[in-house]
Amino acid sequence: MIRGYSDHAANERTFLAWLRTSIAVIAFGFVIEKFNLFALTLVSATSLDDATKAKLERLSGAFPEGAGRAFIAVGVVAIVLATVRFVRTGWLLDDQAIHTPSILPDLIFSVTLALLLVALSAYLVLG
């Protein structure tokens, strides 16, 4: 029997939750990238009126492309950090010394995602 099995199982569940969240962030980045490609394709179509083309040109600039890549990058970094944290926590669970948890990685990830979402939302609403 593994000593502290419930703690190790909780660590694994937390790791899997981070992975699911990171994959969702990466998928959202791909959606933004594909929408940008779709908007660029529509802009090049000849059957659209000038007002629609102008609006699509504003929505298909460099910002959505960068935002999509930023979401993908944040998701990949979160997977790496989640893996490091999972392994580190596993080692700490096996260690008999008492350790204090750090919320800094969670806080940084949350603030980064919030800033990306606010910037993208502001671009879509104001653009």
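Mentor: Helices (H or I, at least four residues) and strands (E, at least two) are DSSP runs, numbered from the N terminus. Leu-115, for example, lies in helix 4, which covers residues 104-126. This is a predicted model, in which local features need pLDDT of at least 70 and side-chain atom pairs count only at pLDDT 80 or more, while totals for chains, interfaces and linings use all residues. Residues are numbered from 1 along each chain as its sequence is written, and side-chain values use heavy atoms, with hydrogens and water left out.

Trainee: Is Leu-115 buried or exposed?

Mentor: Buried means under 20% relative accessible area, exposed over 50%, and partly exposed in between (1.4 Å probe, protein chains only). Leu-115 has a relative accessible area of 57%, so it is exposed.

Trainee: Where is Ile-26, and is it buried or exposed?

Mentor: Ile-26 sits in helix 1, which spans residues 5-44, and because its relative accessible area is 15%, Ile-26 is buried.

Trainee: Which residues is Ile-26 in contact with, leaving aside its neighbours within four places in sequence?

Mentor: Contact means heavy atoms within 4.5 Å. With those neighbours left aside, Ile-26 is in contact with Phe-71, Ile-72, Gly-75, Val-76 and Ile-79. The C-alpha atoms of Ile-26 and Gly-75 are separated by 5.1 Å, although the two residues are 49 residues apart along the chain.

Trainee: What does Asn-11 touch, not counting residues up to four places away in sequence?

Mentor: Asn-11, which also belongs to helix 1, touches Phe-86, Thr-89, Gly-90 and Leu-93 when those residues are not counted. Asn-11 counts as buried because its relative accessibility is 10%.
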